[in-house]
Amino acid sequence: MTNTDFDILIVGGGHAGTEAARIASRMNMTVGLVTMDRSKLALMSCNPAVGGVGKGHLVREVDALGGIIGAAADYAGIQFRRLNMSKGPAVRSTRVQCDRRLYTEYVSCFTASLAGVEIIEGEAVKLIIENRKVKGLEIRPASSDASTSDCRIIRCDAKAVILATGTFLDGLIHIGETTIQSGRRGEPAAIGMTESLNAAGFETGRLKTGTPPRIDGTTIDYTKTEAQPGHDPAPTFSHFSSDVISLNNDSLCYLTYTTAETARIIRDNIDRAPLFSGQIQGTGPRYCPSIEDKIVRFAEKPRHQIFIEPEGNGTDEIYLNGFATSLPEDVQQIAVQSIIGLENAAITKTGYAIEYDYVPPYQIWASLESKPVSGLFMAGQINGTSGYEEAAAQGLIAGLNAALQINGEEPFIPGRHESYIGVLLDDLVTRNISEPYRMFTSRAEYRLALREDNALDRLASYGKKYGIYNDSELALIDAQESALKEMISHLRSTRINSAVVKEKYGLTTKRGSLSLADLICRPDFEVENIHDLSDNGFLENRDIFEKAAILIKYQGYLAKQDREINRNQKNDAVGIPEKFNYDGLKGMKTEALEKLARFRPRTLGQASRIEGVTPSDIAVLTIYLKRKA
């Protein structure tokens, strides 16, 4: 018998929903997780990989706050890579190719074992709202027939509700001229929740994303492609879960390219592409376009990269990264076979585009609680984002803040200077999200301070504040803090004779000796050579050494960035009343007044980052706020 009384109800068992359940469980909440199929929690419905540029930073931060995604990726990983290693430490990112089946099995079993969490198989069809406060959900059990008028409905009460619906809200799949009402391949769409949101006063819109065809790997000629192995030592995500890491790092991905024939086939059939025929109304992701979009937008390019990625061990199915498409099935087949190495490739599953409803996020606070309805939180693609990593970050924040609200505490809203999660939240509530939002390192103005390697250092104080960590995790955090201090002290105190430095590396100095820290700071010295100069085994912890070396080498830049952060924090410290009246403010542009009234920023800093609000508008707003104080 399903319990009908919970602290928190979560709609959706994807990456956002499972992270929300995890953190709420850690906060001792009772949770009802509503999902259509309990065996498909956190299903990797698109590419079977976690991380990447900017996204890897989010994963490390979610893990630092007790999340699931990092440990799951490490457990299910079949190839581990570090990206951008030829560039500075700010943009180096981890990416893990995963076994799709193992990943979902791990998250499903883990979530089912969480204290206080009950998984409810069914479909949430209506919000229960009283006096602008969410009270619960009406849920159609999975066994009910939605086509009948007497289908059974369960009313579940809660103190908070989190909508993490992914692509299921009125989901519509497109394959050429064919359309299928579906949340993702082979699963029904969620019907009714959008209508409930509209009735509660929310504006909703349509977005679109897509996925490529899957290929039988035995039909690919890999000799024509470029192999891409994993990196050794294997970079992992989780700070705490080394005991569950399998570290299978022997799978290969491959790089290949489209051809002029690919472009010709797509151009000849562009009128049959839903994206260009007018069949698709939603806006797709700018930074992950379909192959037909690439061919049209970048007509001057002779070829496009395609990554051949395994779906996991024990399967020959291949994910064709870079070839997302909604072209008709017959066109997909000949287009795929025009790619180098895929001349005889067989498609096992066709690619498709999917349209779905979302709630433009000017209607949420940075805590992810909705503005129109108290206690209603939103996380993931319903907020206009794309990607497992962005969804996981929002799920964690929504679950934590729902628990904090129930306990009568202030919400947790990290700043842009503290984390990529903070950048994500701030962007959602200050930008006009009209296309799927994707995280990049370029979105973070303080990215040198927001590296993957120091995610735990930046966020551990919050984890301790909210009681997220267990005793072993607290001990590990303390041990790493001590190890870093000892490492920095060792590098600064250990000195090497200048003659040795000149003999080994051809470097000259006027001093009789140099500290290891001095050498690290020299641009003509390779940091890895430090290991040859320190023979006491102190540098065996490569992660701690790398972090210490970065802090020493970039100490001047980091100090400069700290000063910039302190200057900019002044505006973020100036609050704006929730119901501040912008009507009648003189000296501000009409556009600025309209944007401020629409987004309702909570601080002067947020107001300054809204598109269309200028520094002169902020100066005027500052004067009015001082008068109100």
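D457 forms a salt bridge with K547, with the closest N and O atoms 3.0 Å apart, where a salt bridge is a side-chain nitrogen of Lys or Arg within 4 Å of a carboxyl oxygen of Asp or Glu. This pair links distant parts of the chain, since D457 lies in helix α12 (residues 455-465) and K547 in helix α17 (residues 542-553), 90 residues apart; helices (H or I, at least four residues) and strands (E, at least two) are DSSP runs, numbered from the N terminus. K547 is buried, with a relative accessible area of 4%, whereas D457 counts as partly exposed at 38%; buried means under 20% relative accessible area, exposed over 50%, and partly exposed in between (1.4 Å probe, protein chains only).

This is a predicted model, in which local features need pLDDT of at least 70 and side-chain atom pairs count only at pLDDT 80 or more, while totals for chains, interfaces and linings use all residues. Residues are numbered from 1 along each chain as its sequence is written, and side-chain values use heavy atoms, leaving out hydrogens and water.

The structure holds 39 salt bridges. In one of them, E130 pairs with R155, the closest N and O atoms being 3.5 Å apart, and this pair joins strand β6 (residues 117-130) to strand β8 (residues 154-157).
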